[in-house]
Amino acid sequence: MASSLIPGVYPFGTRPDGQAVKRVVLANETLGVAILTQGAIIQDVRMAGVFHSLTIGTDTLEPYLGDMRSCGSLIGPVINRISNGSAHIGRYSYEFERNQDGKHTRHSGTAGTQRKLWEIDAVTDTALNLSLTLPDGEGGFPGNRQISAQFTLREPAELEMRVTSTTDKPTILNFANHSYWNLDGTNTYAGHRLQVAADRRCIADDGAMVTGEVAPVEGTFFDFREAVTLTPGEDPLIDVNMCVSTTRRNLTDVLRLEGTTGVSLQVATTEPGVQLYDGSGFKNAGAEGHDGRANAAYCGIAIEAQGWPDAINHAHFPSILVEPGHIYQQVTRFRFAR
């Protein structure tokens, strides 16, 4: 099996409400992945022959309940930001928790699925099904929503994440995994090379709120169409939605990240956007990272395949509206090689 990860379901601490968190390990001959029932977090990723974790994480629960809540988690019902904490959905106007600058909604606030304890529906050595019910009105979001998250390992070294949902009222859904990646096992991602198949990006203001403008990347810092070497702390900072499509589509390769050690990650997704975040504001909550690394600023780069931010408030963005009778589905695949 891959590295030191042995398939199985293990205890991973207890939440303040007394509920037990489980750590589910999936592994095949090449890849091992650990996923927590807290936040559906991808907690650890190990590849045979590579003696460090490929993702940022920690081995204790407490940080994941605090500053590291978003690290590795599956964020929804609406990841990223909703301007002015409000939106028109169908015939009605809805208000959400304004948890950014007292004005905007970020990662769905306290109603976010990154804060939830997911249920294990089924598990094998190479597949895990988690589920969650989001009640109508929680956090201001309409609809009783049934969420399913399926994680599957495929040979030789692929992890596929498939998120599906139904609703009984018109609602908005935009899920994404929020893992930070560092393929070298070092304290920062310095020297990693990044390539993204996007010729446009969403323009954002100083508060990382998209303005509605979509601009070409050509001639800008954000032109990653050819591989670019990343330098942590370089100006400008990276917190940007790359527009890889104008609609959901079949699973398509959109991004490649390669470390200086030769380990690479290829990301494919059905989603029209990939949010990149350089981890400049990463907080470690006092937690030691995998393999003794420092979980600090620039420890890893976040790659979040998703719909475009604040899409419900920009009619020309790909829609994140989901109607009753329709099934929401997003698929993202992480393929590792060395």
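**Entry 1: Q306 and its contact**

I began with the backbone oxygen of E304, which lies 3.3 Å from a polar atom of the side chain of Q306. The model I am reading is predicted. I located Q306 in strand β25. Is Q306 buried or exposed? I found a relative accessibility of 0% for Q306, so Q306 counts as buried.

How many salt bridges does the structure hold? I noted 16.

D17 forms a salt bridge with R15, and the closest N and O atoms of the pair are 2.7 Å apart. I then checked the cover on each partner. D17 has a relative accessible area of 43%, so I logged D17 as partly exposed. R15 comes out at 15% relative accessibility, which is under the 20% limit for burial, so R15 is logged as buried.

Next I took R46 and D291, whose side chains meet in a salt bridge at 3.0 Å, N to O. I asked where in the chain the two partners sit. R46 is in strand β4 (residues 42-47), while D291 is in the loop between β24 (273-277) and β25 (301-306). The two residues are 245 residues apart, and the pair links distant parts of the chain. With a relative accessible area of 11%, R46 is buried. D291, at 42% relative accessibility, is partly exposed.

The last pair I looked up is E258 with R256, again a salt bridge between side chains, at 2.7 Å from N to O. I found E258 partly exposed at 26% relative accessibility. R256 is partly exposed too, with a relative accessible area of 32%. I also traced shared partners: salt bridges join R23, D44, R46, D291 and R293 into one network.

In what order do its strands run? I read β1-β2-β3-β4, an open sheet of 4 strands with antiparallel pairing. The edge strands are β1 (8-14) and β4, and each of them pairs on one side only. From one strand to the next, the twist averages 20°.

I then went into the β1 and β2 pair. Strand β2 covers residues 20-27, runs antiparallel to β1, and is joined to β1 by 5 bridges. Which residue of β2 is the bridge partner of Y10? I found R23. R23 is also listed in the salt-bridge network with D44, R46, D291 and R293.

**Entry 2: V9 and a surface patch**

I stayed with β1 and looked up V9, which is placed in that strand. V9 has a relative accessible area of 42%, so I recorded V9 as partly exposed. V9 forms a nonpolar patch on the surface together with I120 and V123. The accessible area of the three residues together is about 200 Å².

How many residues of strand β13 are buried? I counted 7 of its 10 residues, so the strand (residues 158-167) is mostly covered.

I looked up the strands that pair with β13. Strand β12 (residues 145-154) runs antiparallel to β13, with 10 bridges joining the two. A hairpin of 3 residues joins β12 to β13. Within this pair, Q150 has R162 of β13 as its bridge partner.

β13 also pairs with strand β27 (residues 328-337), in the antiparallel sense and over 8 bridges. On that side I found E158 opposite R335 in β27.

**Entry 3: L130 against Q150**

I finished with L130, which sits in strand β11 (residues 127-134). The relative accessibility of L130 is 0%, so L130 is logged as buried. I then checked L130 against Q150. The two are 20 residues apart in sequence, and their C-alpha atoms are 6.3 Å apart in space.

How values were computed: Residues numbered from 1 in each chain as written. Predicted model: local features only at pLDDT ≥ 70, side-chain atom pairs only at ≥ 80, totals over all residues. Heavy atoms only, no water. Salt bridge = Lys/Arg side-chain N within 4 Å of Asp/Glu carboxyl O. Buried < 20%, exposed > 50% of the residue type's maximum accessible area, 1.4 Å probe, protein only. Pairing = 2+ DSSP bridges. Axes fitted to C-alpha atoms, helices over the stretch in contact; angles between N-to-C directions. Patch = residues over 30% accessible without salt bridge, like charges linked within 9 Å, V, L, I, M, F, W, Y side chains within 5 Å. Areas by Shrake-Rupley, 256 points an atom, 1.4 Å probe, with all protein chains shown as cover. Polar contact = N/O pair within 3.5 Å; in protein donor to acceptor, adjacent residues only side chain to side chain.
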